[in-house]
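I list what I looked up and what I found, entry by entry.

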Amino acid sequence: MSVRRLAPKEVQPESFAFTAENLVWAEKTIAKYPAGRQASAVIPLLMRAQEQAGGWVSEPAMRYVGDMLGMAPIRVYEIATFYTQFQLQPVGRKAHIQVCGTTPCMLKGAGDLMKVCKRRINAEPFHLSENGDFSWEEVECAGTCTNAPMIQVWKDVYEDLTSEDLDKILDAFERGEKPTSGPQNGRITSAPVTGLRVLTSPELYDGSMVGQGAGLALAREAIAARANGETAPPAPPPAAAAAAPPAPPKSDPAPAAPPPAKAVEAAGSADSEKPAKPVAPPPGEKASD
Amino acid sequence: MAKIIVDDIELDVPPEYTLLQACEAAGAEIPRFCFHERLSIAGNCRMCLVEVKGGPPKPTASCAMNVRDLRPGPNGEPPVVLTKSPMVKKAREGVMEFLLINHPLDCPICDQGGECDLQDQAMAYGVDTSRYAENKRAVEDKYIGPLIKTSMTRCIQCTRCVRFTTEVAGVAELGAIGRGEDMEITTYLEAALSSELQGNVADLCPVGALTQRPYAFHARPWELVKTESVDVMDAVGSNIRVDTRGREVMRVLPRLNEDVNEEWISDKTRYIWDGLKTQRLDRAYVRVGGKLKPASWPEAFAAIAEKVKGVPGNRIGGLVGDLASVEETFALKSLLTALGSANIDCRQDGTKLDPSLGRASYLFNAGIAGIEQADALLIIGSDPRREASVLNSRIRKRWLQGNFPIGLIGEHVDLTYPYDYLGAGSDTLVDLVGSGTFAETLKNAQHPLILIGQGALSRPDGAAVLALAARLAVAVGAVKDGWNGFSVLHTAASRVGALDLGAVPGEGDLDAVAMTNPGGVDVLFALGADEIDIAPGAFVVYIGTHGDRGAHRADVILPGAAYTEKSGTYVNTEGRAQLANRAAFPPGEAREDWAVLRALSDVIGKRLPFDSLSELRAALYKGHPHLARIEHVVPADPAAVLALANAGGTPASAPFKAAVTEFYLTNPIARASAVMAECSALAHSRLAAAAE
């Protein structure tokens with residue numbers, strides 16, 4: 001943490017106003033709060049102002065939002081300086097790289113990513129690169145610890161990064177492209193890098209088990225027994241209960257959906273063979289660390 | 001009432017009390033920085049930690065917990081609070097150590113030194129060493145105006161100043177930016193504060209972060225002599241403490257008086273003191289050949305005696321200025337009576353108040369503290385923010401409590417609280433007496449308050465406006481048993497006292513306007529009358545303190561004493577007689593005004609019948625016993641308002657004009673003050689910027 005100040009006067013724009021589209025959105029957002037509590041909308045509005053202005057909140061934007069909400073400018077200023085998610089200085093035109101530096105990412109190599117940023121963008125965070133296209137900062141946990149280390153650019157996260165990945169991502173932004181977000185090592189969301197390990201039987205997903213569960217048979221028996229006048233239905237034998245795979249709840253339509261065959265296949269093999277290695281995604285994998 | 005045990009003392013307190021209040025009721029002392037009785041609770045300094053039995057096993061911030069939130073013991077025993085336990089001691093030491101981590105050890109060069117809460121509490125509750133060897137945080141100083149000096153490294157982030165400006169002063173201009181260790185107090189883009197009450201943040205600041213800029217490095221609190229006195233900058237009569245070193249007034253601080261100013265004073269009251277040292281009249285002057293020449297007292301008196309000789313009484317007049325005490329007004333009136341003149345007027349601004357209509361016709365009958373009882377307010381021709389800033393903060397305080405509709409007739413000004421703007425002038429008032437939604441609001445209120453400013457009364461048809469306001473007050477039920485909401489807000493400190501003495505011309509005598517018009521009178525005694533232009537012709541004897549408008553016009557100047565240099569009674573707008581005490585001596589040959597008049601009377605041959613202030617007061621109290629009841633309000637008979645309501649008269653339809661246009665420059669002392677001049681210039685530039 002350091003003292004956060006407004007950008008110097010020279011870089012502040014003359015004025016700020018929402019685009020027509022954002023104005024409609026802002027009015028809707030303000031209407032979400034009860035009368036007299038419009039000031040509660042200050043954070044979403046500031047965020048939208050930041051997005052519209054290319055990633056930073058200028059002084060005119062603060063006054064504009066304050067006027068819109070009937071707040072004194074100092075109150076908006078307090079909020080904008082309190083939350084580090086609001087950038088008070090201009091950020092890179094093409095990308096503002098937010099490198100997570102909290103423990104899991106730090107352990108998984110966030111330091112290497114910051115080295116890349118220092119080399120390619122600027123030795124200091126919050127400073128623009130020479131051509132003004134990039135800037136970077138270290139942020140606290142952005143919530144994808146499973147896929148550490150990660151960076152966030154605008155609203156997208158890039159996970160499972162190596163220095164080389166980051167270089168590629170920066171190259172892509174440099175060219176004006178938008179690199180594919182998400183894990184960069186080929187895994188799907190935060191699934192295990194070693195592939196799926198549970199709920200892998202194909203019949204779980206082909207509908208063949210619907211209404212066939214052993215547990216269901218037991219329940220039917222118990223209902224029949226109660227109907228016959230027995231007060232205490234015998235507890236199902238523990239062995240049978242343990243052996244019976246749990247029937248999927250009827251209300252849940254998920255199992256009926258066809259599973260991605262490839263994943264099931266891969267996972268199936270992973271399940272059978274204990275040494276987990278063979279299905280691991282190959283390049284840049286650092287699991288052995 | 002809820003039972004609670006504080007340090008083995010069982011007591012009953014209201015359940016809404018905070019633990020801190022309950023502990024104080026039990027006689028325990030709780031240290032605090034952020035907590036202040038008149039501000040909202042922040043709970044961020046943690047200095048007021050106490051141990052609560054049955055609560056969570058950690059110290060509790062006593063300012064932020066209510067008595068009703070505590071659970072009783074297992075058998076219904078009252079909750080137990082400990083303020084002297086080892087846990088509390090350790091907690092206080094820990095908090096103090098944290099506070100001192102970043103607080104600089106610059107007490108020797110800090111203006112707060114000697115009257116610093118942090119210093120005192122570190123002595124009382126802290127430990128003698130620090131375990132912190134790292135560098136301290138440093139914070140850039142902020143510019144927040146010409147009155148408050150900042151040393152932000154010293155700030156402990158109690159946010160009292162932020163809460164004061166937002167809640168009491170009503171200007172949301174100070175704020176805390178950043179977070180954690182980097183939190184800083186500043187105004188938006190370091191603009192100057194615009195409040196008339198901003199000086200109070202220096203009093204509220206528990207450390208030396210906000211100090212008084214004009215006083216910076218001038219004096220140490222232990223070398224100052226403190227004199228309790230009363231302010232004369234407006235008619236509120238704020239209670240003040242005048243701190244002097246030798247002959248010099250070093251500063252003015254507020255004194256607590258719940259009925260008048262609570263513990264706030266306006267900036268004019270606080271920073272006027274440099275005006276007491278400049279432009280002073282320290283010897284007598286006589287105009288010789290069109291130029292004022294220094295003279296001795298006998299020469300000046302002789303010049304006056306020669307001029308007065310042979311002039312008939314009805315060609316002599318007297319004007320009472322806005323800063324005159326009751327005593328000197330009484331002396332002047334006695335002198336004029338002795339000279340056979342009834343031409344005396346204390347109403348330089350031409351206001352149409354008349355003591356013959358009864359005392360209730362010119363007092364703030366509801367009382368300043370009574371504002372808090374009111375449940376509807378109509379302001380007629382007044383800008384209380386400029387005319388009586390402290391009183392305005394009382395109105396704002398009442399407004400913050402809710403259910404307080406406010407209407408205003410007059411100039412559309414920013415009063416720091418919203419109001420219904422009803423209209424600009426007397427036409428609106430005429431309409432309101434008949435009907436109107438705001439009249440209904442006033443009628444439905446239990447304690448409606450009608451505030452009439454001098455802007456509505458200091459015009460030719462002022463008497464009709466006053467009668468109309470009284471008619472409205474009676475019509476809406478503002479005058480009844482136990483409540484008199486008909487309230488006149490004065491702007492001059494001397495006015496109510498002078499009206500009480502009857503310092504106005506009788507039927508057929510000359511009033512202020514007539515006296516100052518060409519050919520009005522031959523000899524005019526102007527007792528600190530600086531707010532009126534005197535036409536050429538009259539021989540003007542000016543008794544006053546500053547080389548201001550009045551002195552420039554004078555033919556003889558007799559140097560008098562300012563309010564800090566004499567003992568004098570002042571009656572505030574609600575009719576409360578208060579005593580201003582002498583804190584310093586008048587400069588040079590200047591003397592107390594009553595003594596000047598007494599000496600002059602001897603030379604003229606009309607010796608006044610008192611040789612000392614106590615003899616003067618004895619005579620004064622004989623005729624006006626209510627003035628002897630210092631610090632008390634003798635309520636006025638509301639029958640006067642009822643009688644006034646029956647008086648006829650239709651006011652001309654002209655908008656009401658504000659009585660105070662230049663808040664910082666309303667009297668000769670303020671006009672001599674460099675600090676006030678700077679504030680005034682700043683206010684003008686702000687107005688100009690707003691107009692663009």
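**Conventions.** I am working with a predicted model, in which local features need pLDDT of at least 70, side-chain atom pairs count only at pLDDT 80 or more, and totals for chains, interfaces and linings use all residues. Residues are numbered from 1 along each chain as its sequence is written, chains are lettered from A and ligands numbered from 1 in the order in which they are written, and side-chain values use heavy atoms, with hydrogens and water left out. For helices (H or I, at least four residues) and strands (E, at least two) I take DSSP runs, numbered from the N terminus.

**Sheet in chain B.** I looked up the strand order of an open sheet in chain B and found seven strands, β14-β13-β26-β25-β24-β15-β16, with mixed pairing. Two strands count as paired if DSSP finds at least two bridges between them. The edge strands are β14 (291-295) and β16 (344-345) of chain B, each of which pairs on one side only.

Helix α7 (residues 297-308) of chain B touches β13, β14, β15 (316-320), β24 (523-527), β25 and β26 of chain B, and its direction makes about 135° with that of β26(B). Helix α8 (residues 326-338) of chain B touches β15, β16 and β24 of chain B, at about 170° to the direction of β15(B). The axes are lines fitted to C-alpha atoms, for helices over the stretch in contact, and the angles run from 0 to 180 degrees between N-to-C directions.

Next I followed the pairing around β24(B). β15(B) and β24(B) are parallel, with five bridges, and Ile316(B) is opposite Val523(B). β24(B) and β25(B) also run parallel over five bridges, with Leu524(B) opposite Val540(B). Strand β25 (residues 539-544) of chain B pairs in the parallel sense with strand β26 (residues 556-559) of chain B over four bridges. There, Tyr542(B) has Ile557(B) as its bridge partner.

**Helix α10(B).** This helix has twelve residues and reaches 16 Å from its first C-alpha to its last, close to the expected 16 Å; the expected span is 1.5 Å times one less than the number of residues. Nine of its twelve residues are buried, so α10(B) is largely enclosed by the rest of the structure. Among the buried residues are Val390(B), Leu391(B) and Ile395(B), and also Arg394(B), Arg396(B) and Arg398(B). The cover includes α4 (160-168), β17 (376-380), α9 (384-387), β18, β20 (448-453) and β23 (486-489) of chain B.

Just after α10(B), Gly402(B) has a positive phi of about 90°. Asn403(B), not a glycine, has a positive phi near 55°; Asn403(B) is in the loop between α10 (389-400) and β18 (406-409) of chain B and is exposed at 71% relative accessible area. Gln279(B) has a positive phi of about 60°, in the loop between α6 (267-271) and β13 (284-288) of chain B.

**Annotation.** An unreviewed UniProt entry gives "domain: 4Fe-4S His(Cys)3-ligated-type" for residues 87-126 of chain B. Such annotations may be inferred rather than shown by experiment, feature names are shortened, and positions are in the numbering used here. That stretch is 60% helix and 0% strand.

**Salt bridges.** I counted a side-chain nitrogen of Lys or Arg within 4 Å of a carboxyl oxygen of Asp or Glu. Asp243(B) and Arg251(B) form one at 3.0 Å, N to O; Asp243(B) is buried at 0%, and Arg251(B) is buried at 3%. Arg120(A) and Glu174(A) form another at 3.6 Å, linking helix α6 of chain A to helix α7 (residues 163-174) of chain A across 54 residues. Arg394(B) belongs to a network that includes Glu258(B), Glu262(B) and Lys397(B).

Definitions and conventions:
Buried means under 20% relative accessible area, exposed over 50%, partly exposed in between (1.4 Å probe, protein chains only). Contact means heavy atoms within 4.5 Å.
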